[in-house]
Amino acid sequence: MMPGQPNTSLGKKLLDNLQTDLRTLSSESRRKHPNVKEASEQVQLRLRTISAKSEDIISGLLPASAEIVHPFVLGCETKNSKIIQLCLMTVQRLISHEALSMTAANNVIQMLWQLMEAGTEELKLLQTAILLITTNLVVQHESLAKALVLCFRLHFTKDSTTINTAAAIIKQLVSNVFERVIVEDRVQSQEQRSPLNTEELKVGSRNAPKSLRPCAGDAYLLFQDLCQLVNADQPFWLVGMTEMTRTFGLELLEAVLTSFPTIFLQHPEFSFLLKERVCPLVIKLFSPSLKYRQGLPSPPSPAPVEKPYFPIVMRLLRIVSALIKHFYKLLMTECEIFLSLLVKFLEPEKPMWQRCLSLEVLHKLSMQPDLVRSFCQSYDMKQHSTKIFRDMVNGLGAFIQSQFMNPMTSQTGQTGLKPPDTQGTPPAILGGLPVGGGVTPQPAFMYRGTWIPLVNIGGQARSMYLEMLDKLDPPNIVDGYGLSLAFHCLVEVVKSVQYLLQGDNDGKEDQKIEERKTSQQQVLTDEERGLHEELINSSWCGMLAAMSLLLDASTDESATQAILKSLQTFANLCGVLQMNIPRDAFITALCKASLPPHYTLTILNSQSNAQAAQRGHYRSISQDLPTMGLEAVERSQVVAVGTPLPTASLPAGAHTGPVMLTAKNIQCMRALLAVAHCHGGILGTAWHLVLTTLQHLVWILGLKPSSGGSLRFSQQISEGSNAVITTAVMADLPVLSAMLSRLFESSQYLDDVALHHLIDALCKLSSEAMELAYSNREPSLFAVAKLLETGLVNLARVEVLWRPVTAHLLEIMYAVGPCIQEWRKEGPMDKQQRMEWERV
């Protein structure tokens, strides 16, 4: 087949259809509309001439298209429904074959405008308009504006089908106008353009800037007028607009900003519109949301405070999200304002729906490490700038705390819903715990009698309320949604900070920390190190306070694991950067979570209280004692009951009665072991915190040292003891013992300095235990057993540990006490270990 044959075939088919349509039009109009009949017959003669002279029929039709369209334009003026439908169908056929010139297209638009004003065939008009604009570029400038206004006006008719169809078509046409710019930018132009004149841009005009090419000029004028209309001002270019809803205008602005960011970044004229039109407009429209205070009396002023309107606030926040995501570097000052507003919207005085909308935006932002880095670099690291990243984390933490402190206010005053009457309800039911056979507890957080369910948000930045474009009234917020979303925001912040400091290290948790630490120190410049330290400094206090509260309140194993992983991650990041105060704070949080809530452990209380006092959040331990023990049992199943370990720093009678370990305590113990095993090289002096906690836990669980320093469950329970180990944990004890052994076996991979820290902590712990032996109280042999285990696996570098280990072991040999003598009789080393030790 010859290359020209397909076009020839299409042209011939088009010509035949046109002849048929003209004959039909002539026949239908011969009685009442003779002018239409006469014009139809003239065009039929012209088509025969074109057919005879042109091989390429469509090319022959183009110059005569204004004349060919004329009878159909006249036909649309007849107000005869059958004739109008025929004419519109024929015009659509000409458009789809690209057989219309600019003049003919202008005539068609004028025809459509008249039909629109007459209220005739509105859906057909919309179909014709979208076909005319999207098929090619014959409609530009004023004609394009008129076609767009036509669609806008049809959007505000009374028929719901027409309204919805027009809305969809307008969105498509606006997108098409900007797609033209993308295509235009791909083509290199030799034409000299006028330089940019910002003074002209400030005034606003119906003429496009001379510095822009044709398609870009149309897009500029359209976007300018959308801003004008949303701001309730008269448009410059879209002449004939009679009405426009602010919600629809905001939707169109957001769609353009989201879909075509490159246009605004590449063209300074569009960048100008962002800075001078969009941002001031958004800030202005946020005014009611800023002034309104939920539940507070109105100030004495003649003008009452306007309530925030959900459809407007939601669309504004969608625009803010797009501006921060795509144009952050262009709008640094404006983004600082927007980010501060997002944090401010989390305050308890704001309606709950507004707080949740803000959380959804923050969730999207926190999932983008590059943005987190930019926030820290542009704001937190600048001397006189708002500490945006710090305020974000602190704001999330404050929101979480407010959910537990003011549950009635957050549920009743801000959603309009009456909370369920839970007074007198058994704690197990309130806590979502099983109350019958086969009942699965609902994941939740419970703190000080306040029970809040955990809503499944998912890992994607999929929003619930930001997507409610069809809602006019504020939605009823799902119970627990805000808290769950704030929790996920913090988890995403941790992931982003980890990515920025360590890169994508998924699946590399078992990689030796020394190797990672060394490689990082080699590549980090002063600027990078400053950024990394600021990321930690800006976030660790708020992160620790919020995560500790959530860990305490969690009743769900998966949520607890996510919190523990976040604490582990931050402890490691702080350790790698040698930031010892925050490192110890996160380690302390893990240690406290591993022990019973009312367990008296001086070293942990003194550490945490000192850190809380530094942050201004100090609480006396006694304030929470009445509720901590009861709630801990309600949140998690008790799996072990044992006796507390005597402590030299406390009098003999300080520990009375049994202590309970819950499943959550064991889960936290595993997390603590994982930190020490994977990140032992960065623990430094924090080894003492970790080992003290582990020593108390193994004592409560009844694990005693055996040959080689490993631990096993002791069946010998003293008379009168209330020690009880459930079947579930009994099966876990060998696993925990093996994890403990692996922890000290892995010390062979520590560098000499880290090994010294470990040995020093073990010696110190052992010395504290021996003080009990001297006062005729039973000490723990955990430290000396693990000192032996550590020494045996590090015999290859015995010169590093020989002096401190042997000096301490010699001291222990002369200690008195039945338990020490008993272990000495059992033999702390097997035959092979003894031979190895003696050989060295």
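Q: Buried means under 20% relative accessible area, exposed over 50% and partly exposed in between, with a 1.4 Å probe and protein chains only. What is the relative accessibility of C376?
A: This is a predicted model: local features need pLDDT of at least 70, side-chain atom pairs count only at pLDDT 80 or more, and totals for chains, interfaces and linings use all residues. Residues are numbered from 1 along each chain as its sequence is written, and side-chain values use heavy atoms, with hydrogens and water left out. C376 counts as buried because its relative accessibility is 0%.

Q: How many disulfides does the structure hold?
A: A disulfide is a pair of cysteine sulfur atoms within 2.5 Å. C489 is buried at 0% relative accessibility. The number of disulfides in the structure is zero.

Q: How many strands does the protein chain have?
A: Helices (H or I, at least four residues) and strands (E, at least two) are DSSP runs, numbered from the N terminus. The protein chain has 37 helices. Its strands number seven.

Q: What share of the residues in the protein chain is buried?
A: The chain exposes about 38,000 Å², by the Shrake-Rupley method with a 1.4 Å probe, where only the protein chains shown count as cover for residues. Carbon and sulfur atoms supply 53% of that area. Of the 840 residues, the buried share is 53%.

Q: Among contacts between residues at least 6 apart in sequence, what share joins residues at least 24 apart?
A: Contact means heavy atoms within 4.5 Å. The share that joins residues at least 24 apart is 75%.

Q: How far apart are the end C-alpha atoms of helix α17?
A: Helix α17 holds 13 residues, 332-344. The expected span is 1.5 Å times one less than the number of residues. That gives 18 Å for α17, and the model agrees, because the end C-alpha atoms are separated by 18 Å.

Q: Which helices are included in what covers the buried residues of α17?
A: The buried residues of α17 are E334, C335, E336, F338, L339, L341, L342 and V343. Their cover includes α14 (268-285), α15 (287-291), α16 (310-327), α18 (352-366), α19 (369-380) and α20 (388-405).

Q: What is the centre to centre distance of F264 and F270?
A: Rings of Phe, Tyr and Trp (its six-membered ring) pair if their centres lie within 6.5 Å; planes under 30 degrees apart count as stacked, over 60 as edge-to-face and the rest as tilted. The count comes to 19 aromatic pairs. F264 and F270 are edge-to-face, with 80 degrees between the planes and a centre to centre distance of 5.4 Å.

Q: How many residues apart in sequence are the parts tied together by F286 and F345?
A: F286 and F345 pair edge-to-face, 5.3 Å centre to centre with 65 degrees between the planes. F286 lies in the loop between α14 and α15 and F345 in the loop between α17 and α18, so the parts they tie together are apart by 59 residues.

Q: Which residue has its charged end over the ring of W699?
A: A charge sits over a ring if NZ of Lys or CZ of Arg is within 6 Å of the ring centre and within 35 degrees of the ring normal. K146 lies over the face of W113, at 5.2 Å from the ring centre. Over W699, 4.0 Å from the ring centre, sits the charged end of K704.

Q: What distance separates the C-alpha atoms of K364 and S321?
A: K364 is found in helix α18. K364 is partly exposed, at 21% relative accessible area. K364 and S321 are 43 residues apart along the chain, and their C-alpha atoms are separated by 7.9 Å.
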